[in-house]
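The sequence and structure are shown first.

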Amino acid sequence: MSKQFTAKDVQEHNTPDKGLYIIIDNGVYEMGGFVDEHPGGAKILKRVGGKDASKQFWKYHNESVLKKYQERLKIGELKESAKL
């Protein structure tokens with residue numbers, strides 16, 4: 001799981017069809033298969049697809065949520081610390 005992604009890689013995966021990638025604290029998560037399961041609805045995930053969703057994530061979730069889904073959804077790390 002130590003794959004490295006650039007911000008451009010993440011930006012290119014901005015819809016469920018392309019693989020919905022988001023960034024949370026420099027971790028890259030693939031959310032395409034989780035869109036329909038998300039308790040807050042698919043619309044929210046689609047809105048942050050291809051972007052850094054850290055601010056939005058921490059506004060509504062705590063660390064236990066990240067730990068619960070991290071093993072299933074995390075696919076790597078952001079190579080550079082550039083924000084989208």
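A residue is called buried when its relative accessible area is under 20%, exposed when that area is over 50%, and partly exposed in between, with a 1.4 Å probe and protein chains only. By this scale K67 is exposed, at 56% relative accessibility. The model is predicted, and local features need pLDDT of at least 70, side-chain atom pairs count only at pLDDT 80 or more, and totals for chains, interfaces and linings use all residues. Residue numbers start from 1 along each chain as its sequence is written, and side-chain values use heavy atoms, with hydrogens and water left out.

## Sheet

Helices (H or I, at least four residues) and strands (E, at least two) are DSSP runs, numbered from the N terminus. Two strands are taken to pair if DSSP finds at least two bridges between them. Four strands make up an open sheet with mixed pairing, and their order is β1-β4-β3-β2. Strand β3 (residues 27–30) pairs with β2 in the antiparallel sense, over four bridges. Within this arrangement, Y21 stands opposite E30 in β3.

## Loops

D25 lies in the loop between β2 and β3 and is partly exposed, with a relative accessible area of 46%. N26 is found in the loop between β2 and β3 as well. Its phi is positive, about 70 degrees, although N26 is not a glycine. N26 is partly exposed, at 27% relative accessible area.

Another loop, between α2 (42–48) and α3 (54–60), holds D52. Is D52 buried or exposed? With 14% relative accessibility, D52 counts as buried. Its side chain is joined to that of S54 by a polar contact of 2.7 Å. A polar contact is a pair of N or O atoms within 3.5 Å; within protein, one must be able to donate a hydrogen and the other to accept it, and residues adjacent in sequence count only if both atoms are side-chain atoms.

## Salt bridges

Side chains of opposite charge can pair when their charged atoms come close. A salt bridge is defined here as a side-chain nitrogen of Lys or Arg within 4 Å of a carboxyl oxygen of Asp or Glu. By this rule the count is four salt bridges, including those in the table.

| Salt bridge | N to O distance |
|---|---|
| R72 and E37 | 2.7 Å |
| E63 and K67 | 3.8 Å |
| K74 and E77 | 2.5 Å |

The side chains of R72 and E37 meet in a salt bridge. R72 lies in helix α4 (residues 63–73) and E37 in the loop between β3 and α2, so this pair ties together parts that are 35 residues apart in sequence. R72 is partly exposed at 46% relative accessibility, and E37 is partly exposed at 45%.

E63 and K67 are four residues apart in helix α4 and are therefore separated by about one helical turn. E63 is partly exposed, with a relative accessible area of 48%, whereas K67 counts as exposed.

In the pair formed by K74 and E77, K74 is buried at 14% relative accessibility, while E77 is partly exposed at 27%.
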